[in-house]
Amino acid sequence: MSLLSRLAGLLKIHRLERDVEDELRAHLEMRTRDNLAAGMSPEEARYDAKRRFGNSTLVKEDTRAMDIVGWIETTGQNLRYAARMLRRTPGFTLVAILTLALGIGANVAIFTVVHAVLLDPLPFPHPEELVRVYDDLRTSNTHDVGMSVPELWDMRDKSGVFQDICVIFPTDGNITGGDHPERVEALGTNANYFTMLGVRAELGRTYVPADALPGFSEPVVISDAYWRRAFGADPKVLGTKIRLDGDLYTVAGVMPPGFRHPGRTLDADVDLWATTGFAAPPFPAPVVRAVRLLPGVMGRLKPGLTVSQAQAQLDNFVAQLTRQFPDEYPAAAGWSIRLVPTQEDVVGNVRTELFVLFAAVGFVLLIVCVNLANLLLARSASRQREMAIRLAVGAGRGRLIVQLLTESVLLVAISGAAALLTVFTLKNSLLRLAPADLPRLNDVSLSPGVLLFAFFISILTGLLFGLAPALQTARADQTTALREGSRGAGSSKHQLQFSRFLVASEIALSLVLLIGAGLLFRSFWQLLEVRPGFDPHHVTTAKIWLAVPNDPQNDPYFTIEKRAAFHQEILRRISALPGVEQAAIGSPPSAPMDGKPRQSPFLIEGRASNLEHIPVAETASVTPAYFSVLKTALIAGRFFTDDDNAKGQQVVLIDETLAHRYWPNSDSDALGQRLQMAAGRRSEMAASPLFTIVGVVGNIKSDGFDAASAPHIYRAVYQAPPYGAVVYLRTTADPGLLGEAVRGEVQHVDPTIPVFDVRTMDFIVSAFLAERRFALELLGIFAGVALLLASIGIYGVMTYTFSRRTNEIGIRIAMGAQRSDILRLAVGEGTMTVALGVVAGLAGAAVMTRFLRSLLFGVKATDPLTYAAIAGLLTAVTLLACLVPAHRATRVDPLIALRHD
Amino acid sequence: MAKPKSDVLQGTLALLVLKTLERGAMHGYGITLHIQRVSSEVLRVEEGSLYPALHRMEQDGWISAEWGASENNRRARYYQLTAKGWKQLAEEEKNWARLSAAVASVLQFAQ
């Protein structure tokens with residue numbers, strides 16, 4: 001009851017105030033009257049009555065406080081007062097809001113990405129049960145070698161670990177039947193894929209158990225994007241027949257727009273899902289345990305089973321299978337199975353980068369806070385008088401602190417709102433800056449979690465920069481401030497020390513950021529210095545996909561001769577195109593930095609094979625001109641020729657890495673030697689033919705600048721013609737036009753073959769570096785902002801310090817001090833602070849950069865050169881920031897200074 | 001501005017006010033005068049503590065207030081006991097009796 005009436009009191013607060021005044025005034029008048037009647041003079045009577053009330057303002061307030069909900073009214077007052085104060089100093093307010101909005105906005109922006117990519121669980125029921133299953137061969141340190149179909153069945157039926165398991169087979173698909181053939185991103189899976197993930201179709205259906213056949217079954221499911229692109233979002237798409245890789249399928253369902261396959265694909269989001277049991281043509285039938293033909297497997301663990309428990313159980317099962325099938329799982333190979341939670345798998349190694357960026361942007365916000373705290377401190381000095389009076393009138397210290405904090409919170413509230421608005425409107429442009437292959441990029445949004453974070457961080461920021469100045473300002477000892485004619489802008493020594501401490505911490509924080517950015521920059525630089533082993537300039541690439549129909553009888557390219565002839569004809573035609581200097585064709589693993597390498601174990605003839613450690617090389621097939629197009633050097637022997645075809649001797653080229661490893665004395669020793677490779681996906685090599693080494697070529701960094709050099713073995717395309725191929729053209733012609741020309745030539749030979757992914761090698765290389773470059777750019781921006789803020793901070797504090805000492809400086813000059821003496825005095829002030837900051841920053845950096853280690857390349861986390869250079873830079877900048885106010889201090893006219901208040 | 005308040009007086013102020021109002025509606029000044037007079041000037045209620053206390057008691061529902069005309073025809077606020085206030089008065093009187101008896105026994109014992 002009383003609470004309600006007190007809330008109501010807030011609404012009629014003005015009337016309440018008047019009522020209380022009236023009541024107290026009536027009391028006053030009555031006593032005055034009685035005093036007069038008792039014989040006092042009018043002044044005495046009045047004075048006595050008033051005196052009895054003591055602090056009448058306080059009494060009024062206390063009385064009225066009983067009639068309302070105190071804290072609401074107080075907060076309202078505080079807010080109005082704070083707003084007034086902020087309006088009075090528009091310059092300060094604007095600067096504060098801008099820097100705060102920048103700091104908070106940057107944090108929110110990065111957090112939206114962190115949230116979507118790292119924190120937000122995958123949009124499937126019980127996402128923690130989903131795992132990727134990898135097969136590794138430990139002794140040769142080869143990962144993700146693929147699984148065989150019988151092995152998959154054992155995992156499903158006998159391992160006791162999975163409630164569901166499914167194959168993931170990303171592949172190119174060839175859609176024909178329209179005006180021109182189109183390449184789609186296809187995913188071959190078992191029929192339980194959608195039920196395992198727990199998702200339903202938007203239109204139509206996903207697979208049913210009847211779709212689980214040994215070979216491909218007819219119904220396919222398409223993505224929302226593909227539905228819109230290829231069928232114009234036609235609602236009657238269900239039942240439409242499409243010809244994929246020569247076979248007819250029926251569209252059975254369309255997935256919802258937000259659905260994404262939780263894993264890596266060949267190139268883009270999945271357009272089309274097809275299902276097969278992988279136990280019938282085009283796959284080898286009957287299934288063989290030794291053939292690891294399944295490139296990816298995903299499973300759902302049994303409920304309640306953790307990943308580590310499942311892994312332990314699986315390790316036992318693997319040991320069991322190894323004993324059971326010693327031929328297919330030779331103990332020497334060290335076969336093992338590894339589980340990786342799908343959430344982690346999807347994110348990949350972006351995690352570290354994101355965390356680094358998140359920490360960096362947090363630092364920037366901290367620096368903003370420190371800067372603001374300093375500004376507030378300086379500003380508060382001019383409000384000492386106001387504070388002193390309020391304290392004298394009877395306001396509690398707590399009340400004043402809350403008042404000052406309200407100003408900070410109001411600032412933050414405005415900035416936070418501005419920041420959120422900016423992030424919201426700029427979201428799309430910001431996302432375009434991010435590297436395109438950032439996982440889950442399309443999940444990035446201003447979700448409730450992000451808004452909560454924004455709110456929380458705003459409050460924290462406000463308290464952080466507002467608390468210290470508030471505490472400082474509302475100190476009880478105010479006698480100096482009240483004295484008439486005092487140096488009104490005076491502040492205690494404590495305040496100045498605190499100010500200096502704040503600046504030092506700003507410098508330290510900036511230094512850490514700058515050093516981090518510097519290390520990343522040097523890593524990037526080192527990366528660029530790495531010689532890739534080929535010349536990416538003026539090389540255009542395009543991809544071709546020869547369809548793989550289900551029935552080999554329908555496959556015009558089933559034999560090696562037919563495929564080789566096709567590639568030869570294509571090569572002949574495109575070499576003749578205008579603008580093409582040289583042309584070559586290679587299998588997909590031959591494309592540097594663009595796709596998954598293919599690894600094969602190999603054995604050199606005549607070398608005793610160390611069963612404990614079977615070497616592995618990356619293999620690809622290429623046409624003779626491949627190395628000329630890429631301008632890779634020939635070290636010894638020869639390149640392939642057109643005579644290296646099915647009729648000739650089986651030959652290979654090896655790269656320097658391989659040659660040095662086995663023939664360290666001279667590369668030409670390798671020529672004429674022979675080696676065996678595991679052909680196809682077989683894990684045994686006994687049946688593999690012997691290949692003769694006819695040449696040694698330079699190393700190509702096919703896995704990226706920062707990957708260790710893996711040995712490469714190359715086969716000739718006409719001896720091992722691939723289904724999917726990459727066309728390489730050394731040319732200065734426009735890639736778009738050239739792509740069209742290539743397409744024309746290919747479709748002249750066979751109108752059902754699509755040509756896609758026309759890109760320049762320069763683009764591929766820079767896309768590869770894009771992720772690193774992005775992190776570097778962002779960190780660089782943050783560090784730059786930090787440096788700017790720190791400089792402004794120290795500039796401000798120094799200016800303020802010297803303005804306080806104007807009097808003293810005037811005296812010194814009058815006593816005969818030279819300008820250089822004053823300068824020295826002034827700089828000396830700043831040096832201490834800067835030195836402290838730099839030392840703290842160096843120590844902090846040494847600790848913090850440890851987390852950067854996985855992102856660094858060719859540079860230690862404690863690289864002395866970087867540290868020294870950056871520290872030097874920062875010191876120079878900050879000392880410069882000291883120098884300007886110092887210089888101004890020397891220009892002081894002693895007469896004015898002495899009179900200065 | 002420190003206001004040292006006697007603990008006892010603060011606690012008993014409510015009791016004294018309620019008792020005073022037993023005789024009928026009164027304004028704040030009147031209450032002050034009454035307590036002063038009846039206690040032979042021993043108890044002097046400070047205006048600073050009276051009015052906050054009056055308003056708090058009003059919020060608690062022990063007394064109700066009305067604007068009326070004072071002796072010199074000015075606007076003054078008159079307080080009177082509510083039903084709840086009567087009960088509270090009886091309660092406080094009982095407590096006070098018990099308290100003073102207890103204090104008395106302690107003093108007698110210390111003799």
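**Figure 1. A close look at A:Leu779 and its neighbours.** Leaving aside residues up to four places away in sequence, A:Leu779 touches A:Leu357, A:Ala360, A:Gly516, A:Ala517 and A:Leu520. Two residues count as touching, or in contact, if their C-beta atoms, placed from the backbone, lie within 7 Å. Everything in these views comes from a predicted model, in which local features need pLDDT of at least 70, side-chain atom pairs count only at pLDDT 80 or more, and totals for chains, interfaces and linings use all residues. Residues are numbered from 1 along each chain as its sequence is written, while chains are lettered from A and ligands numbered from 1 in the order in which they are written.

**Figure 2. The nonpolar cores.** A nonpolar core is a set of buried Ala, Val, Leu, Ile, Met, Phe, Trp, Tyr and Cys residues joined through C-beta atoms within 7 Å. Here, buried means that 20 or more other C-beta atoms lie within 10 Å of a residue's own; exposed means 12 or fewer, and partly exposed is in between, with C-beta atoms placed from the backbone. The largest core has 91 residues, and those touching the most other members are A:Val364, A:Leu511, A:Leu513, A:Leu514, A:Leu779, A:Phe782 and A:Ala786. Helix H12 (residues 350-381) of chain A gives this core its largest share, 17 residues. Helices (H or I, at least four residues) and strands (E, at least two) are DSSP runs, numbered from the N terminus. A second, separate core holds 71 residues, including A:Ala542, A:Ala591, A:Val726 and A:Val758.

**Figure 3. Two cis peptide bonds in one loop of chain A.** Can you find the prolines? A:Pro281 and A:Pro282 are joined by a cis peptide bond with omega of about 10°. Another cis bond runs from A:Ala285 to A:Pro286, with omega near 0°. A:Pro282 sits in the loop between strand E8 (272-276) and strand E9 (297-301), and A:Pro286 also lies in the loop between E8 and E9.

**Figure 4. Positive phi at A:Asp757 and B:Glu41.** A:Asp757 is not a glycine, yet its phi is positive, near 55°. This residue belongs to strand E21 (residues 755-760) of chain A. Is A:Asp757 buried or exposed? A:Asp757 is buried, because 20 other C-beta atoms lie within 10 Å. B:Glu41, also not a glycine, has a positive phi of about 65°. Look for B:Glu41 in the loop between H2 and H3 of chain B. B:Glu41 counts as exposed because it has 9 C-beta neighbours inside 10 Å.

**Figure 5. Helix H3 of chain B.** H3 (residues 47-60) has 14 residues and reaches 20 Å from its first C-alpha to its last. That is close to the expected 20 Å at 1.5 Å a residue, where the expected span is 1.5 Å times one less than the number of residues. Among the buried residues of H3(B) are B:Leu50, B:Tyr51, B:Leu54 and B:Met57. After the helix comes B:Gly61, with a positive phi near 90°.

**Figure 6. Where chain B touches chain A.** This contact takes 18 residues from chain B and 23 residues from chain A. On the chain B side, helix H2 (28-38), H3 and strand E3 (75-81) each supply at least two residues. H3(B) provides the largest share of that side, 8 residues. By class, the side has 5 nonpolar, 7 polar and 6 charged residues; Ala, Val, Leu, Ile, Met, Phe, Trp, Tyr, Cys and Pro count as nonpolar, Asp, Glu, Lys and Arg as charged, and the others, Gly among them, as polar.
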